[in-house]
Every structure is written in structure tokens, then in C-alpha cells.
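Thanks for coming. I have one structure to go through today, and I will keep to the geometry.

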Amino acid sequence: MILIIDFGSQVTQLIARRLREAGFYSEIMPSTSDVNKYLVKNPKGIILSGGPNSVTQIDTPRAPYEIWNSVPVLGICYGQQTLCEQLGGKVETGINREFGRAKLDVIADCPLFYNLPKGTDFDVWMSHGDHVSELPDGFKVVACSAGAPFAAIADHKRRYYGVQFHPEVAQTNGGTQILKNFAELICNCEKGWSMVTYKYQAIQKIKEQVGKSGQVICGLSGGVDSSVTAVLLHKAIGERLTCVFVDHGLLRKGEAEEVIKLFGNHLNIKLIHKDASNFFLSKLKGISNPEQKRKIIGASFIDVFTEEAQKIEGAEYLAQGTLYPDVIESISISGGKHVTIKSHHNVGGLPEHMRLKLVEPLRMLFKDEVRLLGKELGLPKVLIDRHPFPGPGLAIRIPGSISSDKINVLRDADAIYLEEIRKAGLYDEIWQAFAVLLPVKTVGVMGDQRTYEYVCGLRAVTSTDGMTADIFPFTTEFLAHVSTRIVNEVSGINRVVYDYTSKPPGTIEWE
Ligand code: XMP
């Protein structure tokens with residue numbers, strides 16, 4: 001494996017993703033970890049990530065000396081700077097700053113650039129205020145850019161490499177190839193990371209953890225993470241898995257039925273379907289504050305789930321679809337207090353007193369890897385590639401107080417919108433698309449009659465991780481067609497608007 005030591009860059013996770021895409025297993029650990037924690041991983045190579053600090057200041061993080069002598073090291077941006085400074089070179093702040101796209105000039109042979117074009121036509125992504133101004137002994141220049149005379153450097157003998165640019169971001173040409181070259185040619189790693197092997201290993205691990213008689217509960221939401229978790233568990237322990245599907249009545253049209261059909265009937269997984277829609281609706285009655293809605297749904301979910309789980313005799317384990325980004329120990333750079341924008345609710349959490357042991361077979365996976373694993377497990381594409389859906393469901397797509405009538409109106413409008421998006425072949429280009437039912441009535445005219453109905457908002461964004469998002473640019477014709485269908489076919493809505501707000505300043509969901 002390749003160990004990535006994280007100095008706090010926003011894009012450290014991408015290094016691991018790129019390596020894994022290329023077939024090489026990698027893990028991320030914070031630069032503040034104890035050095036023994038790195039060594040027990042027995043890495044075949046180490047990558048030092050970028051970070052927001054300056055090595056020209058004291059008390060900024062460094063890479064422990066214990067890692068220098070054993071394996072190849074690649075420093076990226078801050079990682080390159082600390083590598084040089086720690087080995088006797090110099091780093092300066094100042095004139096040679098570069099942010100954004102830059103042209104790289106590759107001037108010498110280096111295995112890092114194997115299979116990549118030499119010369120000046122090489123776009124890379126830079127983001128640095130500091131730069132290396134003097135190389136440590138043993139290093140030579142491999143590539144330079146306008147603002148970085150040492151944009152790529154190498155000490156072939158000791159197998160130390162550094163790049164000032166970010167090979168992990170999409171804007172760098174051949175960035176994945178550079179990381180692949182480091183793993184394959186410099187560290188001599190073998191390709192062993194694929195979802196085919198992961199599947200068998202994960203099933204084996206579950207068997208070992210749960211033993212021959214352990215009973216497991218798994219909260220199923222219909223989303224990809226919990227679905228993949230459930231199918232893996234089922235393959236490992238069969239009948240000893242019971243899934244609990246708490247239907248809060250806030251799913252999209254036809255979704256609850258799909259979950260029951262797929263897991264209960266088709267895959268033959270023991271499934272408890274708890275229709276708690278009336279319970280949730282009564283709890284949410286008259287509540288219009290978004291945070292209050294989220295908190296009520298989160299707490300009610302745990303109440304219902306706990307009650308159902310307690311009925312399952314002998315259950316000792318709880319399976320959860322925890323993903324790698326939730327597990328990576330992040331280092332706080334600012335040390336400041338985070339502002340809560342929204343309190344998230346996710347399926348699966350149980351109160352401490354139930355004392356169930358956790359089974360988390362997706363702990364080492366990124367979301368795109370979970371999708372690949374889902375495909376490997378034979379889950380249908382409609383489920384695997386489905387747009388993300390928030391735990392509190394349609395309740396946060398109906399600003400103001402909710403009712404079953406409003407939920408039904410929204411479901412119908414949302415289904416038409418998604419049907420048209422699929423028909424137009426746009427579904428996979430969009431990160432998330434959904435309808436919102438606004439708490440506003442407007443006057444309209446239909447068949448010479450006055451109408452006074454709700455407004456429906458349509459939202460569609462592109463994004464890579466949900467942290468930032470852009471508006472999806474539908475054609476006017478498409479939006480007009482969807483609008484006509486919704487107003488004609490959904491009684492309760494007489495006006496449709498399209499949301500033209502990116503994130504930031506908006507959020508993806510309306511509440
Ligand atoms: P926002 O609205 O914060 O959403 O821009 C970012 C992404 O997170 C999803 N989301 C949630 N997912 N539980 C979830 O599991 C939640 O409470 C929740 N709230 C928002 C949202 O759909 C988008 O993909």
C-alpha cells in the first residue's frame with residue numbers, strides 16, 4: 001500500500017482516490033499521527049500531501065525522520081517543500097506565487113513522467129505562495145514552470161521525488177499517470193485493489209467478525225450505502241441478517257415499494273418493513289422550522305428503529321454503511337469552531353445503551369468505490385446510480401409545515417421531473433435533481449377558470465461531492481415541457497419555477 005500523510009490540503013482525499021482508481025491501495029493518515037502508526041502499515045511508498053501552512057514558519061507540521069530511510073517518498077506542494085527543507089534545501093515565500101493553471105516544462109527523464117509527453121505542452125494545477133528556492137544535495141530538476149523553477153524534482157538514488165503542482169486534481173494533465181508511475185515504477189507496488197477482490201475479502205472479514213452464530217441488524221434506507229452493506233452481509237451470513245426498513249413516509253414516489261420488492265422478494269433478505277409514516281407525520285404536525293424538522297425526524301427515526309431492532313432476538317451486531325471519508329481522521333487547521341449549517345440525519349445510529357457491536361464493511365471505501373462494489377454485487381443500476389437523497393427525505397423539500405396532501409403533490413411533480421430527465425438522457429450528468437413544493441399559492445387560469453394553487457420549484461445541480469454545486473443548464477424547451485406536464489398533470493400546482501442558485505451561496509436542498 002501507499003501511505004498518504006495528510007498536511008491538511010483540501011484535496012488530499014483525491015490522491016487516495018486516484019491511486020485506487022489506478023489499482024493501488026492507499027490510505028490517508030494525519031501528519032499529527034504517532035510515527036509507529038505509519039510504520040505498522042508497512043507502506044511501499046509514502047506521499048506527503050499539500051497543506052495550508054508555510055514551512056518558513058516555526059511550529060508548522062513536518063514529516064517524521066523515521067520515514068525517510070526506508071521507502072520512496074513523493075512530496076506534493078507543501079509536501080515537496082517540507083521534504084526539501086527537512087533534507088537541507090531552502091523554501092521561500094514571495095514573488096513566485098502561482099494559483100490555477102500553469103504550463104509545465106519537462107526537461108529531464110524521470111520515471112514519474114513515464115508515458116507522458118515531454119516539453120512544454122503540459123497543463124498542471126498550481127496553488128502555492130511558497131516555493132523551493134534551493135535544492136537539497138542529491139536532487140536535480142525534472143520540470144519547471146513560470147513560477148516554480150523546481151516544479152518537479154528527483155533524487156533518484158534515494159528515491160525521493162517532489163512536485164510543486166497537484167497531480168491529484170483533474171486539471172493536471174496525466175496526473176493519475178504520475179501517481180501511478182510513482183506507485184508502480186518507483187515503489188514497485190503491485191496492482192491489487194479492485195472491487196472484485198474487495199468483495200471476497202469483505203465477505204470473509206464479516207464471517208470472521210460475526211462468527212458462526214452471530215445475528216446482525218442492518219438499517220436499510222433504499223440508498224446505495226445501506227443497500228450494498230445489506231447485500232454484502234447477506235452474502236456472508238445469509239439468514240442471520242435482518243434488515244429493518246423504517247419507512248418514514250417521506251420517500252420519493254414508488255421508492256418504499258421498490259425497497260420491499262428488491263430486498264424482500266427478489267434478494268430474499270429477511271426484511272422488517274415498518275410503515276411509520278403516520279407516526280412521523282404526527283410528530284411533524286405544525287412544525288415549520290427546518291432544524292426542528294430535522295431533529296424530530298432524526299430522533300423519531302432512532303425511536304422507531306430501536307423498537308423494531310429490540311424485537312430481533314439475539315442480535316449482537318449492527319451493520320452500518322460508514323464510508324472512508326467519515327473515517328479519515330481529519331486534522332483541524334484553523335482549530336476554530338465549525339458552524340452548523342444543517343444537522344444531518346443518517347440511517348443506522350442506535351442509542352449507546354443497546355450495546356451492539358458495529359459491522360462496517362464499507363469503512364475503507366469512497367462513494368464511487370461503493371457504487372462499483374454495488375455493480376459487482378449485481379445490484380440494479382437504477383439503485384446504484386441514483387442521485388443522493390437526504391435522510392429527512394421530502395420533509396426538507398416542503399418548506400413550512402408538511403401534510404400528507406403536500407407530500408403526495410410533491411411526489412407526483414418530482415416523479416414527472418425525474419422521468420423527463422431520464423428520457424432526455426440527462427440523469428447521469430446531474431448530481432441531484434428534485435422538485436420542491438413551496439409554501440406559496442399563486443393565481444393562475446386554466447380552462448377559463450381561476451386557479452389558486454401551490455408553486456413548484458425545480459432544482460438540478462452538478463457537483464463532485466455535494467460540498468459545492470453548479471446549476472444544471474437545461475434548455476428552455478426542456479424546462480417549459482416539464483413545467484407544462486407538472487401543471488397539467490399534478491393537481492395542486494399551477495406554477496413552476498427553476499432555481500438558479502449555485503452552492504455557495506445556496507445549499508443544494510432548500511432546508
Ligand atoms: P446541502 O443541502 O447541505 O446538501 O447543500 C449537500 C448534500 O447532502 C445531502 N443532505 C443530506 N444527506 N442526511 C443525508 O444523508 C441529511 O440530513 C442531509 N441533508 C442534506 C443533500 O441532499 C446533498 O446531496
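I will go from the domains to the cores, then to a helix pair, and end with some local backbone features.

First, the ground rules. This is a predicted model, where local features need pLDDT of at least 70, side-chain atom pairs count only at pLDDT 80 or more, and totals for chains, interfaces and linings use all residues. Residues are numbered from 1 along each chain as its sequence is written, and side-chain values use heavy atoms, with hydrogens and water left out.

Domains, then. The assignment gives domain 1 (2-186), domain 2 (195-384) and domain 3 (403-498); such bounds come from an automatic or database domain assignment. The centres of domain 2 and domain 3, taken over C-alpha atoms, are separated by 29 Å. Contact here means heavy atoms within 4.5 Å. On that basis, eight residues of domain 2 touch 10 residues of domain 3.

Next, the cores. A nonpolar core is a set of buried Ala, Val, Leu, Ile, Met, Phe, Trp, Tyr and Cys residues joined through side-chain atoms within 4.5 Å. Buried means under 20% relative accessible area, exposed over 50%, and partly exposed in between, with a 1.4 Å probe and protein chains only. The largest nonpolar core has 81 residues, and Ile47, Leu112 and Phe113 have the most contacts inside it. Helix α6 (residues 224-237) gives the most to this core, namely eight residues. Helices (H or I, at least four residues) and strands (E, at least two) are DSSP runs, numbered from the N terminus. Where does this core lie relative to domain 1 and domain 2? It lies between them, because both domain 1 (2-186) and domain 2 (195-384) give residues to it. Take Leu112: leaving aside neighbours within four places in sequence, its contacts include Leu74, Tyr161, Phe182 and Ile186.

The axes of helix α5 (residues 195-210) and α6 come within 9 Å and cross at roughly 65°. Axes are lines fitted to C-alpha atoms, for helices over the stretch in contact, and angles run from 0 to 180 degrees between N-to-C directions. The crossing of α5 and α6 is right-handed, meaning that the near helix is turned clockwise from the far one by less than a right angle. Among the residues that meet are Ala202, Ile203 and Ile206 in α5, and Leu232, Leu233 and Ala236 in α6.

Now the segment after β18 (493-498), where Glu511 lies. Is Glu511 buried or exposed? Glu511 counts as buried, because its relative accessibility is 8%. Its side chain makes a polar contact of 2.9 Å with that of Lys293. A polar contact is a pair of N or O atoms within 3.5 Å; within protein, one must be able to donate a hydrogen and the other to accept it, and residues adjacent in sequence count only if both atoms are side-chain atoms.

Last, the backbone. Most residues other than glycine have a negative phi, and most peptide bonds are trans. A cis peptide bond joins Lys503 and Pro504, with omega about -15°, and the bond from Pro504 to Pro505 is cis too, with omega near 10°. Cys77 has a positive phi, near 55°, and is buried at 5% relative accessible area. Asp448 also has a positive phi, near 70°, but is exposed at 76%.
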